[in-house]
Number of protein chains: 2
Amino acid sequence: MLLGHNFIGFDSKAAGEKQLHAFSTVLNDQLPGDFIVATENEINEAVQKATSAFERYRQTSFADRALFLEAIADEIMEVGPALVERAHLETGLPEARITGERARTVGQLRLFAALLREGSFVHAIIDTALPDRTPLPRADLRQLMLPIGPVAVFAASNFPLAFSTAGGDTAAALAAGCPVVVKAHSAHLGTNELVAAAIISAAKRCGMPDGVFSSLIGEGAQLGQQLVKHPQVKAVGFTGSFRGGMALLKAAVNEREEPIPVYAEMSSINPVLVLPGKISQDADALATQLSGSITLGVGQFCTNPGLLFLVQDEKTDAFIQKLAQALEQVPAATMLNKAICAAYQTERQQLLTQEGVQVVLRGNEGDTGYKVNASLAYTTAANFRQNNTLHNEVFGPASLVVVCRDAADLRATLQELHGQLTGTVLATPADLEEFADSVDVLVQKVGRLIYNGVPTGVEVSHAMMHGGPFPATTFAHFTSVGTEAINRFLRPVCYQDCPQAFLPDALKDENPLRIMRKVNGVHTRDAIGQKEALAV
Amino acid sequence: MLLGHNFIGFDSKAAGEKQLHAFSTVLNDQLPGDFIVATENEINEAVQKATSAFERYRQTSFADRALFLEAIADEIMEVGPALVERAHLETGLPEARITGERARTVGQLRLFAALLREGSFVHAIIDTALPDRTPLPRADLRQLMLPIGPVAVFAASNFPLAFSTAGGDTAAALAAGCPVVVKAHSAHLGTNELVAAAIISAAKRCGMPDGVFSSLIGEGAQLGQQLVKHPQVKAVGFTGSFRGGMALLKAAVNEREEPIPVYAEMSSINPVLVLPGKISQDADALATQLSGSITLGVGQFCTNPGLLFLVQDEKTDAFIQKLAQALEQVPAATMLNKAICAAYQTERQQLLTQEGVQVVLRGNEGDTGYKVNASLAYTTAANFRQNNTLHNEVFGPASLVVVCRDAADLRATLQELHGQLTGTVLATPADLEEFADSVDVLVQKVGRLIYNGVPTGVEVSHAMMHGGPFPATTFAHFTSVGTEAINRFLRPVCYQDCPQAFLPDALKDENPLRIMRKVNGVHTRDAIGQKEALAV
């Protein structure tokens with residue numbers, strides 16, 4: 001039984017009158033649950049509670065925070081099949097996919113718990129005093145990363161668990177020591193309620209302060225603007241449309257006294273270079289692999305390959321036909337929600353009707369009950385360079401093949417690409433030698449460069465970079481997936497000549513947390529005073 | 001003999017008609033040199049050259065970049081006394097100070113060279129493949145930091161060497177692998193020319209690409225806006241006024257297709273808590289120490305202590321008088337330039353005439369030939385909290401004492417502070433216990449917390465944090481001083497399943513650079529394949 005209330009810290013509130021409802025593209029029907037839009041007072045109260053909670057939460061030990069994250073993971077698993085079923089109905093994503101996404105979600109909470117226990121994420125840097133240095137002595141300087149304050153997290157349409165209420169942004173912010181206020185995604189409000197209740201339950205069980213987590217219901221732009229403009233919100237994590245991300249970024253700079261960082265992941269078409277040697281080697285396997293990546297999750301991944309670059313030779317046409325045949329065999333599947341389905345139909349029509357674009361596989365049209373299938377088209381590199389519309393993301397299983405005359409044409413075309421989350425190179429070693437210049441350009445455009453794989457599939461690990469140059473994200477310096485994501489919510493603070501007793505544990509001489517530190521320029525886990533640490 | 005030309009990469013150009021001249025507050029006269037404002041074409045050409053140079057410069061080895069930075073340091077020293085004399089005349093800063101600043105400037109170039117040779121700054125993170133993992137195998141993931149592209153650096157008025165043409169921003173960007181276009185500060189154009197020529201000479205000597213460095217002459221806002229809006233500029237480093245920094249930040253988000261980061265250090269009043277136990281211990285020494293910090297460099301430091309917090313007791317009045325006496329003994333000194341001197345006179349008048357502000361030491365007024373001395377005033381915490389004007393920076397040797405009733409009043413007042421570069425605590429161990437809550441609030445407001453020292457004086461080292469929450473800077477995550485400053489100009493890129501031969505050296509199995517890496521969650525310098533590296 002879903003209450004449809006907002007979680008204002010530990011309180012459940014619904015003073016508002018406006019209601020939202022979840023619609024299922026699977027059932028083609030409205031789902032049970034009346035979800036009450038948060039009032040302005042409730043929004044302010046949630047942020048105020050987060051601000052108060054921050055005073056205590058930022059002081060919690062890494063060990064206690066780790067237990068809290070693990071408790072959230074446990075509570076999410078405790079919800080059981082009800083969560084999988086509701087998320088399936090609210091998003092159209094198959095139950096197997098939701099089950100996998102749930103595993104990823106609890107896995108990333110547990111990975112952040114492990115990061116906290118290890119402790120080196122605070123990036124401790126120590127330069128010990130040099131009292132006898134001339135002309136001036138050096139003070140004792142010790143730097144570490146501290147949490148920045150309350151974070152507003154915007155849930156994503158396409159990952160109801162892993163990028164939503166208890167998703168990567170929430171896990172990273174809570175791990176950093178920042179309270180979180182989630183704007184639930186209006187397409188999966190029931191899923192949000194189940195997960196938010198699990199987080200609140202974990203917070204209570206672990207003795208975390210009231211306000212460490214809140215979840216608000218509201219219409220996208222309105223609630224979003226209220227959150228981003230709130231003076232106590234110190235950062236925003238967002239995964240969604242280009243328009244939505246840019247609106248938040250501009251508000252954060254123009255409509256606040258204090259600008260704050262908006263970490264928005266927005267728009268990427270994930271170019272794939274399909275190089276000639278690789279096509280010669282095994283065109284069938286390549287077509288199958290690409291077709292799988294293009295249609296995975298009905299193409300509703302931010303890493304979906306929307307652009308395929310080929311270099312014209314005698315095998316090009318046959319390969320395009322092979323890919324079209326592979327795509328044609330993938331049955332139509334249900335999209336996430338009405339709006340996304342309508343946008344896909346519009347965007348792919350726009351793509352397929354551009355001048356110089358040849359349709360290879362049109363895909364279904366008209367009323368399809370929210371089920372769609374793939375489209376494929378091709379154009380020349382020259383045409384692609386000229387037409388900006390071809391550089392826009394089509395969110396769904398549509399890909400455009402860009403046929404280049406030669407290596408120079410490929411390189412010149414890659415130069416014109418916008419920033420991307422991923423770039424992929426399907427190549428033999430000989431291809432890599434021959435097209436080294438092009439790959440070198442591609443590196444400049446992406447956050448992740450994939451060799452002989454597909455861009456869909458994002459590992460949650462230490463080395464993952466899920467981000468990239470604009471418009472893939474608003475800030476290429478940060479990732480939203482993997483343990484490095486914690487850096488978005490931390491800032492460095494330096495303690496100068498602070499007495500040992502008043503230093504944070506991470507900076508004390510004896511290194512009680514046994515973390516990796518940089519001491520006088522040398523990485524070490526040793527206590528200060530041992531020989532290694534005093535080397536310069 | 002100064003040419004007064006712009007450095008467009010290796011070319012010296014002066015197609016424009018507008019001229020600027022340097023004025024000396026020491027001589028009260030214009031200095032020799034006709035400096036030709038860069039034309040729009042020249043600006044575009046400088047950025048275009050930087051973009052071309054980036055293709056090769058980003059590929060240079062860390063060792064070659066280190067040699068380049070050291071060559072710049074050597075060339076600057078080669079300029080000899082002419083540089084010290086010109087900088088003195090252009091800024092009014094004493095020759096001894098300029099000599100010290102030159103040492104700091106070449107010292108920071110050499111420190112970045114050492115950082116490059118050590119190599120771990122690329123922050124290599126490696127998660128090796130897990131081909132047998134179920135349900136899905138893990139790909140091989142390897143992340144490192146890569147340079148972002150051409151950087152525009154805005155020289156600062158108050159540090160003609162250390163924060164200007166070859167200053168911290170330039171050193172950090174060049175170390176990162178990013179070409180630099182400097183906007184010379186119009187107050188010290190001769191100094192800029194001498195240093196820019198030294199950089200160009202070093203670039204030629206080291207075989208660096210034409211365009212790796214340019215230096216442009218122009219009027220502040222106009223040249224600044226042209227640079228920040230140029231589509232090829234990928235980041236901005238700025239030290240200056242709040243208004244200037246905010247104009248750049250807004251242009252970077254609103255007037256470009258692709259927003260870029262603007263790292264602006266702007267405005268800080270650097271609160272100092274002068275706690276009762278410490279005053280009891282040695283009021284004389286404390287007054288002397290504070291007076292020295294307030295008047296150092298005629299108060300023209302971004303870390304100048306503009307606010308002193310006292311907790312009212314029987315010693316408060318006597319201490320304020322003692323501080324006034326110490327300040328009164330410091331002779332008037334010449335300010336940097338006409339505009340800064342005029343602004344100081346206006347801003348301190350505004351401060352001293354606010355309601356509830358009691359003047360203790362008025363300082364000189366009227367026509368003083370650009371020499372000024374210190375001012376001191378006090379007010380109550382309640383009044384300070386109410387009056388926003390008292391929270392503004394007065395750039396120069398003026399400080400405001402804020403008298404708090406008790407620890408709670410102090411804490412409540414600190415809560416209202418804006419973000420700051422530094423916070424200082426002058427305290428006995430007993431004070432630190434008693435006022436722990438207040439210090440805890442102060443940490444949230446600053447980038448650097450100083451115990452029993454003064455905020456002026458910024459060490460160039462690994463652990464330094466010269467930055468802080470808004471409005472001290474536009475982005476509290478980054479420092480502009482010390483080796484961590486390099487992070488502003490680097491972004492992470494992840495290589496997935498990349499063949500060894502095509503990986504950057506920093507990510508290769510054998511770890512040829514011998515850098516510290518995080519491999520499967522464990523920090524190590526070992527090659528991949530050794531036992532330690534494979535531990536999880």
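**Where chain B meets chain A**

The rule finds five salt bridges across the interface of chain B and chain A. One pairing to look at is Asp440(A) with Arg58(B), whose side chains form a salt bridge at 2.9 Å, N to O. Keep in mind that this is a predicted model.

Polar contacts are counted separately: there are 41 residue pairs of that kind between chain B and chain A, with both residues at pLDDT 80 or more. Which parts of chain B supply the side that touches chain A? Several elements of chain B each give at least two residues, among them helix 1 (40-57), helix 8 (242-254) and strand 22 (446-451). Strand 23 of chain B has the largest share, seven residues. By type, the residues on this side of chain B are 40 nonpolar, 16 polar and 21 charged.

Now the extent of the interface. In contact are 77 residues of chain B and 77 residues of chain A. Together the chains bury about 6,200 Å², and carbon and sulfur atoms give 56% of that. Tyr451(B), His477(B) and Arg491(B) supply 11% of the area that chain B buries against chain A, more than any other three residues.

Last, helix 1 of chain A. This helix covers residues 40-57, 18 residues in total, and spans 25 Å from first C-alpha to last, close to the expected 26 Å. Its buried residues include Ile43(A), Ala46(A), Val47(A), Ala50(A) and Phe54(A). In an α-helix, residues three or four places apart point the same way, because there are 3.6 residues a turn. Glu42(A) and Lys49(A) are also on the buried list.

Technical notes:
Residues are numbered from 1 along each chain as its sequence is written. Chains are lettered from A and ligands numbered from 1 in the order in which they are written. This is a predicted model: local features need pLDDT of at least 70, side-chain atom pairs count only at pLDDT 80 or more; totals for chains, interfaces and linings use all residues. Side-chain values use heavy atoms; hydrogens and water are left out. Helices (H or I, at least four residues) and strands (E, at least two) are DSSP runs, numbered from the N terminus. The expected span of a helix is 1.5 Å times one less than its number of residues. Buried means under 20% relative accessible area, exposed over 50%, partly exposed in between (1.4 Å probe, protein chains only). Contact means heavy atoms within 4.5 Å. Buried area is the accessible area (1.4 Å probe) that two parts lose on being put together, summed over both. A salt bridge is a side-chain nitrogen of Lys or Arg within 4 Å of a carboxyl oxygen of Asp or Glu. A polar contact is a pair of N or O atoms within 3.5 Å; within protein, one must be able to donate a hydrogen and the other to accept it, and residues adjacent in sequence count only if both atoms are side-chain atoms. Ala, Val, Leu, Ile, Met, Phe, Trp, Tyr, Cys and Pro count as nonpolar, Asp, Glu, Lys and Arg as charged, and the others, Gly among them, as polar.
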